[in-house]
Amino acid sequence: MYLILQVPLFEDMDEKVLNAICAHLKPVIYAEDNYILQEGEPLEKMLFITQGTAWSYTTISETSTGYSNTKCLGKGNLYGEELLSWALKSTPFSELPVSTRIVKSQTKVEAFAIRAKDLKNVIAKFWWHFRRPDQLHYLEGFQLEHGEHWKRLAVSSIQANWRHYCARAKKRELREWRKKFITIE
């Protein structure tokens with residue numbers, strides 16, 4: 001779980017949310033010198049690297065920018081943080097963000113991955129934990145105060161909790177009624 005705590009949005013997150021995310025993490029292994037993600041492909045998972053080394057780079061010429069665009073990813077690094085921004089918006093699964101970089105294993109890479117749809121489902125289930133503006137400041141273009149998405153999630157959450165409350169009340173009422181009329185001798 002310590003790896004997901006390195007993501008700024010998850011640093012002070014409730015333990016229930018972190019456990020829900022961890023429940024969806026799947027171990028993945030990439031052999032040495034293999035492409036993990038290609039630039040321009042749909043970004044369908046977020047990777048938390050536990051062992052090995054991978055390169056993350058773009059196809060933009062280094063000479064045109066004046067600096068290297070290559071990053072080394074190793075133990076404790078992650079790739080695919082853009083999925084958080086996507087999952088917080090009310091966009092369909094068919095509109096996944098596109099990877100802006102190539103990720104290629106340099107050595108054997110072991111990681112945990114969470115698929116985009118699973119991340120979106122966890123965020124939908126625990127939406128109120130992702131409302132704090134201090135957690136969202138780095139997510140570009142996010143309109144918290146005008147988001148119809150948040151209103152729909154709030155309404156559905158209230159409805160679900162109300163149905164759950166009513167079901168519990170009916171069970172409690174039935175138990176009390178049974179106690180009055182059914183005696184065991």
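Two strands count as paired here if DSSP finds at least two bridges between them; strands are DSSP runs of E with at least two residues, and helices are runs of H or I with at least four, both numbered from the N terminus. The model is predicted, so a caveat on confidence applies: local features need pLDDT of at least 70, side-chain atom pairs count only at pLDDT 80 or more, and totals for chains, interfaces and linings use all residues. Residues are numbered from 1 along each chain as its sequence is written, and side-chain values use heavy atoms, with hydrogens and water left out.

**View 1. Strand β3 and its two partners.** In β6 (residues 78-79), Y79 is the bridge partner of L47. That contact belongs to an antiparallel pairing of β3 with β6 over two bridges. β3 also pairs with β8 (residues 109-115), again antiparallel, over six bridges, and here Q51 sits opposite E110. Six of the seven residues of β3 (residues 45-51) are buried, so the rest of the structure largely encloses this strand (buried is under 20% relative accessible area, exposed is over 50%, partly exposed is in between, with a 1.4 Å probe and protein chains only).

**View 2. An open sheet of four strands.** The order is β2-β7-β4-β5, with antiparallel pairing. β2 (35-37) and β5 (71-73) are the edge strands with a single partner each, so one side of each has no neighbour in the sheet.

**View 3. Salt bridge between K104 and D33.** These two side chains meet at 3.2 Å, N to O (a salt bridge is a side-chain nitrogen of Lys or Arg within 4 Å of a carboxyl oxygen of Asp or Glu). K104 lies in β7 and D33 in the loop between β1 (26-30) and β2, so the pair ties together parts 71 residues apart in sequence. K104 is buried at 19% relative accessible area, while D33 is partly exposed at 49%.

**View 4. Two further salt bridges.** The whole structure has three salt bridges. K108 and E110 meet at 3.7 Å, N to O; K108 is partly exposed at 47%, and so is E110 at 30%. In the pair K117 and D118, the closest N and O atoms are 3.8 Å apart. Here K117 is partly exposed at 43%, whereas D118 is buried at 12%.
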